[in-house]
Amino acid sequence: MSTGAGASGGRKIPPQVPPKSRDRPVSVADATEELSAVQLQGDAQGLSTPCDVKLSHITCDSFKIQWSMDPKDHVTHFFIDLNKKANVNNAKKAFKHKDVPTKLVAKAIPLPFTVKGHWFLQPRTNYTVSVQTACKMPDGEYRVSDWSETVEFCTADYSTVQLNQLLDKARNIMSDRMLPLTHFYRNQDQDYFDFMRTSHGGVLQPSIKDDGGSHGSPVNGNLKGISFSANVEWNERDGPRIPIDSPYGRQRFLCPAAAMYNENANLYFADLYCMYTAYHFVNLVLTTKGSEGDQFCSGKLPLLDPANNEFLTRKKRDDGSMEFAVCQDLIVELFYTEPINMKEGQMLSIQGHVVPSLSTENAKKDASCKMCNINK
């Protein structure tokens, strides 16, 4: 999926007057003020209509905007009408407040200027924007121009700035408790593994990452990989063990950690989220150095030190063999970007139950959780 990164403009729609709506908090170039519905009424005569609206430097929560207007106009204020565009293809995924427009108000300052605010701009989301100029009269009323044409744009994914903030959030959840780990595993139904045998010679194939977790994670919908779990639970009788239940099917591919997480691998942090639960998930990406997946992650995701990170470690013993450990405070999901032959591991049937409610496929993140949202 292509997200708006550094676009200089968007598709234009014929001018229209946006519907009346309640005002929202604003943040425009550090110059803001309240605007009542009464003040928006005025005489448009005398001010030219803004035109040639252009956007640039689009990030996950900001953009720069500029337009053309008559230099003779005496303008004291700019009005920016920002609306979230409804997702007509999948209304269930649209945000609850998608129909509530945001009216931004700024004192007239040199163009272009930056519109920034995480409370009204969300990553990887389609918006429309139009502008209006105004002159504040001595009696407090406004003389306003007509609205400009409407421009569509899409905000970008999280940058490394936001992902490092999310990484810090994950570290705040952590303790020093680590459990030994020997295998990664992938749960699926029998049909999936039969298909991999008959169509791909027993080699598990990467596929595009789903939309589960944070809406702005760069890997969602963009990176190919295979989902594994590195989760280990503590059992009073048996000590650390792989969970006996599965959200996805009764068949389990159990792969030695050393076959995937070797010295030729890079480990990246991709996401932290919860699904309205007390426990949290961390999503890590495991690549082969120099591979296509590794090149995608490099510069987009925070790189972790295999021997010294809080989530999934790999250390060399004196005899040259590797030992692995996984954190106990988070459920670790691993997205492996390379094909892997089923001969590298073994097939097992789970001893517990298939519990679909535990699935994280396309999981919707709890946007209100203060522990895993960077703007809370």
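Student: Which strand supplies the largest share of the lining of the second largest pocket?

Tutor: Rolling a probe the size of a water molecule over the atoms shows where empty space is left. In this predicted model, strand E14 gives the largest share of the lining of the second largest pocket, with 5 residues. At least two lining residues each also come from strand E11 (183–188), strand E13 (207–208), strand E19 (281–288) and strand E23 (331–336).

Student: How many residues line the second largest pocket, and which are the closest to its centre?

Tutor: The second largest pocket holds about 1,100 Å³ of space. It is lined by 42 residues, and Ser229, Pro247, Tyr248, Glu333 and Thr360 are the closest to its centre. Sorted by class, the lining comprises 19 nonpolar, 15 polar and 8 charged residues.

Student: Let us turn to the helices. Which residues of H1 are buried?

Tutor: A residue counts as buried when its relative accessible area is under 20%. In H1, this applies to Gln162, Leu163, Leu166, Leu167, Lys169, Ala170 and Ile173. They lie on the same side of H1, because the arc they cover around the axis is only 155°. Among the elements covering these buried residues are strand E18 (265–273) and strand E20 (303–304). H1 itself runs over residues 160–173, 14 residues in total, and spans 20 Å from its first C-alpha to its last, close to the 20 Å expected at 1.5 Å a residue.

Student: Which residues of H2 are buried, and which are exposed?

Tutor: In helix H2 (residues 190–200), the residues Tyr192, Phe193 and Met196 are buried. Their arc around the axis is only 95°, so they share the same side of H2. Asp191 and Thr198, on the other side of H2, are exposed. The packing partners of the buried residues of H2 are E11, strand E12 (203–204), E17 and strand E25 (346–349).

Student: Is glycine 249 buried or exposed?

Tutor: Glycine 249 is buried, because its relative accessibility is 6%, and the cut-off is under 20%. This glycine sits in the loop between strand E16 (239–241) and strand E17 (251–256).

Student: Which residues are in contact with glycine 249, leaving aside its neighbours within four places in sequence?

Tutor: With those neighbours left aside, glycine 249 is in contact with Asn187, Gln188, Asp189, Ile350 and Val354. As for arginine 186, its C-alpha atom is 9.6 Å from that of glycine 249, although 63 residues separate the two along the chain.

Terms used
Residues are numbered from 1 along each chain as its sequence is written. This is a predicted model: local features need pLDDT of at least 70, side-chain atom pairs count only at pLDDT 80 or more; totals for chains, interfaces and linings use all residues. Side-chain values use heavy atoms; hydrogens and water are left out. On a 1 Å grid over the protein atoms alone, a cavity is a set of points where a 1.4 Å probe fits but cannot get out, and a pocket is an open set with protein on both sides within 12 Å along at least five of seven lines; lining residues have an atom within 4 Å of a point. Grid points are joined across faces, edges and corners, and a volume is the space filled by probe spheres set on the points. Helices (H or I, at least four residues) and strands (E, at least two) are DSSP runs, numbered from the N terminus. Ala, Val, Leu, Ile, Met, Phe, Trp, Tyr, Cys and Pro count as nonpolar, Asp, Glu, Lys and Arg as charged, and the others, Gly among them, as polar. The expected span of a helix is 1.5 Å times one less than its number of residues. Buried means under 20% relative accessible area, exposed over 50%, partly exposed in between (1.4 Å probe, protein chains only). The arc is that of the directions from the helix axis to the C-beta atoms. Contact means heavy atoms within 4.5 Å.
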